[in-house]
Amino acid sequence: MNDVVLEWHPGTPAGRTAAPGPVRQPHALVGNTPVLWIGAPLAPAGRGFWAKLEGSNPGGMKDRPALHMVRRARERGALAPGARIVESSSGTLGLGLALAGMAFGHPVTVVTDPGLEPIVARMLTAFGAEVDSVREPHPTGGWQQARRDRVAELLEREPDSWCPDQYSNPDNVDGYESLALELMAQLGGVDVLVCAVGTGGHSAGVARVLRRFNPDLKLIGVDTISSTVFGQPAGPRLMRGLGSSIYPRNVDYAAFDEVHWVAPAEAVWACRTLAATRYATGGWSVGAVALVAGWAAGMAPAGTRVATVFPDGPQRYFDTVYNDAFCAEHGLLNAAPPVRPLTIAHPGERVVTAWTRCARVPDPRSMTDLAEARL
């Protein structure tokens with residue numbers, strides 16, 4: 001029988017020395033997620049990055065801010081005992097709020113849209129949440145604005161109900177402090193952090209804490225094409241979980257050193273390559289950040305600690321990212337493996353349709369900045 005040789009990297013954090021202790025409540029399972037070294041072919045030979053596997057949480061990365069936002073709202077008296085929680089979500093925060101509702105004794109209504117994966121809708125219902133789906137996108141704000149408008153309607157119907165408003169609630173940002181402190185304990189420090197950006201919560205929250213220990217931390221944001229977050233025009237988006245058709249107030253534009261936009265075919269390639277080579281993968285956000293983190297690891301000096309966050313696992317993407325028929329229908333299987341991004345000088349320079357980076361990150365709500373770029 002052939003011997004199995006396991007690869008070991010100097011500087012690898014020590015593994016867990018004991019099994020986690022027993023817990024009596026499911027929300028106690030949130031946190032203390034592992035980190036995994038990701039090398040070639042996502043990064044050049046001899047280089048790599050650390051991935052924080054937030055899919056190990058019961059519902060994913062957003063279990064953390066969901067529990068924190070609900071806890072803080074109860075402490076302030078904004079959320080009365082037993083009152084309904086109503087929020088817009090494309091899935092992951094909805095799962096976190098279902099967990100928080102169970103933990104603190106609140107009914108939960110998740111407002112979503114037809115793009116929600118059927119398995120997530122069914123699991124939300126199984127976890128006790130009510131799923132309310134809008135049917136038409138807003139003319140300018142897309143599905144997100146349509147969902148937010150529906151949330152407002154539901155709040156009016158039930159005066160005691162409460163909305164976390166993940167897009168602008170500072171508690172969403174604060175809810176990621178535990179993730180950042182875990183990264184510090186596991187890696188001893190981070191030099192480059194790569195984050196997918198949707199509401200802006202985890203990029204702002206994790207980077208803010210890590211910069212207490214390393215003020216020179218470089219933050220790279222990852223968006224999807226056809227998203228408005230970093231100044232591109234809005235359009236139909238195949239990828240969910242990152243990007244936006246509105247401008248979330250939690251996005252800390254000043255914190256970013258650069259931004260990358262990734263296209264669906266590129267994210268699919270990265271997701272499937274992760275699965276085939278590292279036995280760890282996830283959805284659209286995972287593929288996008290893995291692609292960019294691998295590039296960043298190759299561009300940085302040797303010894304640079306590059307880290308990223310994998311927000312979830314692959315389970316909800318079996319009908320999309322890991323479905324050959326779906327990917328073929330949308331032309332996602334024919335792209336050559338992406339090697340490097342294109343570069344633009346300003347987000348307003350042109351509309352991007354493939355992996356592209358920009359080292360200038362203005363606040364797109366400042367239209368003067370964008371107008372000047374188009375002159």
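Guide: Bear in mind that this is a predicted model; a search of the whole structure finds 4 aromatic pairs.

Visitor: By what is a pair of aromatic rings described?

Guide: In general, the description rests on the distance of the centres and the angle of the planes. In this structure, F230 and Y253 make an edge-to-face pair, with 5.8 Å from centre to centre and 85° between the planes.

Visitor: Which aromatic pair do F230 and F256 form?

Guide: That pair is edge-to-face as well, at 5.2 Å centre to centre and with 90° between the planes. Because F230 and F256 both lie in the loop between β7 and β8, their pair ties together parts that are 26 residues apart in sequence. Taken together, ring pairs link F230, Y253 and F256 into a cluster.

Visitor: Are F230 and F256 buried or exposed?

Guide: Buried means under 20% relative accessible area, so F230, at 1%, is buried, and F256, at 7%, counts as buried too. Y253 is likewise buried.

Visitor: Which residues form a nonpolar patch on the surface?

Guide: The patch is made by M102, I119, M123 and F127, which together have about 360 Å² of accessible area. One of these, M102, has its place in helix α2 (residues 92–104), and because its relative accessibility is 49%, M102 counts as partly exposed.

Technical notes. Residues are numbered from 1 along each chain as its sequence is written. This is a predicted model: local features need pLDDT of at least 70, side-chain atom pairs count only at pLDDT 80 or more; totals for chains, interfaces and linings use all residues. Side-chain values use heavy atoms; hydrogens and water are left out. Patches are made of residues with over 30% relative accessible area and no salt bridge: like charges are joined within 9 Å, nonpolar side chains (Val, Leu, Ile, Met, Phe, Trp, Tyr) within 5 Å. Accessible areas come from the Shrake-Rupley method with a 1.4 Å probe; for residues, only the protein chains shown count as cover. A salt bridge is a side-chain nitrogen of Lys or Arg within 4 Å of a carboxyl oxygen of Asp or Glu. Helices (H or I, at least four residues) and strands (E, at least two) are DSSP runs, numbered from the N terminus. Buried means under 20% relative accessible area, exposed over 50%, partly exposed in between (1.4 Å probe, protein chains only). Rings of Phe, Tyr and Trp (its six-membered ring) pair if their centres lie within 6.5 Å; planes under 30 degrees apart count as stacked, over 60 as edge-to-face and the rest as tilted.
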